[in-house]
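Hello,

Here is the structure I promised to pass on. Please open it first, then read my notes below.

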Amino acid sequence: MPGVTLEARELSKWFGSRTAVDSVSFTAREGEVIGLLGPNGAGKTTTIRMLSTVLAPTGGEFSVAGVPSSRPADIRARIGVLPESAGYPAHQTGLEYLIYHGRLFGLSRDEARNTAVKLLGQVGLSERAQSRISTYSRGMRQRLGIARALVNDPDVVFLDEPTLGLDPAGQREILTLVRTIAEARGTTVVLSTHTLPEVEQVCSTVLILDKGKVLAAGTVADVTSTDANRQSGHLRVPPAQVARAKEVLGGVAGVSVLSDERRDVIAITATDGMNAALSAVVDAGIPVLSFQIDGARLSDAFLAMTRGSTS
Ligand SMILES: Nc1ncnc2c1ncn2[C@@H]1O[C@H](COP(=O)(O)OP(=O)(O)OP(=O)(O)O)[C@@H](O)[C@H]1O
């Protein structure tokens with residue numbers, strides 16, 4: 001099993017009497033992409049800022065590649081960060097910018113240049129290496145920011161809302177890049193985002209945060225199958241059989257019949273898959289004309305858990 005690169009234990013942050021992050025614990029391994037999801041004000045940025053040593057935790061602790069949070073300078077040598085709103089020196093070229101940051105990490109002039117050239121290739125910016133950053137699109141700047149976060153060959157990279165404000169093509173490029181970073185380099189990526197369908201594509205593990213607390217954690221499959229996101233579907237039977245079908249379904253453990261305006265459609269939810277509900281109807285001799293399962297998507301789980309939250 002890949003090694004643990006990041007471990008947070010009961011991490012908390014208060015700003016005065018306001019709790020921004022409340023006892024957040026999780027573990028991440030090499031090559032894993034962890035998604036931090038939550039509505040505005042959930043504590044995603046504060047969590048990333050603590051883990052990247054920008055903010056000192058009020059409570060709890062964490063470690064990166066075995067280095068404890070009591071040694072922030074050593075942690076900084078092992079991480080890369082793309083902050084929520086990164087600023088770039090407009091007058092520099094992408095190449096100059098990356099060489100400069102490589103030098104800050106103690107690389108020799110040649111090492112810094114070689115690293116910069118390699119990273120520009122990895123993020124698809126080789127052709128624009130000599131162009132001023134002021135001429136880059138927003139997506140190109142984000143990719144340059146990710147390259148900068150990789151200059152020190154980190155164990156863990158934190159990307160705060162990396163796809164924010166990008167068009168669909170730009171979002172896709174960033175997500176492909178995130179996957180490559182994790183798979184090809186074995187880097188752990190922690191990313192925060194509101195773009196849920198994309199998280200389903202790219203994250204191996206998800207932490208749903210709300211009001212600073214972890215509401216759910218696990219693989220996307222784990223999180224979507226929690227009771228907070230019981231599966232729902234629509235069953236169509238001959239109109240004359242609706243009452244009987246509802247009666248049968250009412251007797252199946254874990255299945256609830258919801259009201260549906262249509263006279264031949266029965267809306268149901270089930271805590272443990274739909275098989276038992278369908279079998280019961282079929283066993284009762286009622287023909288099932290159609291059956292549609294509503295998507296058990298991460299976005300549904302997320303909305304079900306954080307419904308009504310405001311920042
Ligand atoms: N420096 C600060 N001083 C006081 N309160 C803060 C500070 N930084 C964050 N907070 C509060 O902590 C809570 C969590 O904020 P945080 O920015 O971490 O949330 P977020 O999930 O990243 O939200 P968003 O998606 O809007 O960026 C919010 O209630 C916010 O107002």
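Start with the ligand. Strand S2 (18-29) and helix H1 (44-51) each give at least two residues to the shell around the ligand. H1 supplies the largest share, three residues. Keep in mind that this is a predicted model.

Twelve residues surround the ligand in total. Phe15, Ala20, Asn40, Thr45 and Thr46 are the closest. What is the make-up of the shell in nonpolar, polar and charged residues? Seven are polar, three are nonpolar and two are charged.

Next, the hairpin that S2 belongs to. S2 pairs with strand S1 (residues 4-15) in the antiparallel sense, over eight bridges. One of the pairs is Trp14 with Thr19, its bridge partner in S2. Two residues sit between the strands of this hairpin. Gly16 takes a positive phi there, near 60 degrees.

Now the sheet. Six strands form an open sheet, and the pairing is mixed. The order is S6-S7-S8-S3-S9-S10. Which strands are at the edges? They are strand S6 (79-82) and strand S10 (213-219), and each of them pairs on one side only. On average, neighbouring strands of this sheet are turned by 15 degrees against each other, direction ignored.

As a reminder, strands of a sheet pair through backbone hydrogen bonds, either parallel or antiparallel. Within this sheet, strand S7 (residues 156-160) and strand S8 (residues 188-193) pair in the parallel sense. Five bridges link S7 and S8. Asp160 has Ser192 of S8 as its bridge partner.

Helix H5 (residues 138-149) lies across S6 and S7. Its direction is at about 160 degrees to S6.

Finally, the whole chain. The chain has eleven helices and 14 strands. How is the chain divided into domains? Domain 1 covers 4-88 + 136-220, and domain 2 covers 227-295. The C-alpha centres of the two domains lie 41 Å apart. Along the principal axes, the C-alpha atoms fill a box of roughly 80 × 45 × 40 Å.

Of the 311 residues, 38% count as buried. Among contacts with a separation of 6 or more, 69% join residues 24 or more positions apart.

Best wishes

Methods:
Residues are numbered from 1 along each chain as its sequence is written. This is a predicted model: local features need pLDDT of at least 70, side-chain atom pairs count only at pLDDT 80 or more; totals for chains, interfaces and linings use all residues. Domain bounds come from an automatic or database domain assignment. Two strands pair if DSSP finds at least two bridges between them. Helices (H or I, at least four residues) and strands (E, at least two) are DSSP runs, numbered from the N terminus. Axes are lines fitted to C-alpha atoms, for helices over the stretch in contact, and angles run from 0 to 180 degrees between N-to-C directions. Two residues are in contact if their C-beta atoms, placed from the backbone, lie within 7 Å. A residue is near a molecule or strand if its C-beta atom, placed from the backbone, lies within 6 Å of it. Ala, Val, Leu, Ile, Met, Phe, Trp, Tyr, Cys and Pro count as nonpolar, Asp, Glu, Lys and Arg as charged, and the others, Gly among them, as polar. A residue is buried if 20 or more other C-beta atoms lie within 10 Å of its own, exposed if 12 or fewer, and partly exposed in between; C-beta atoms are placed from the backbone.
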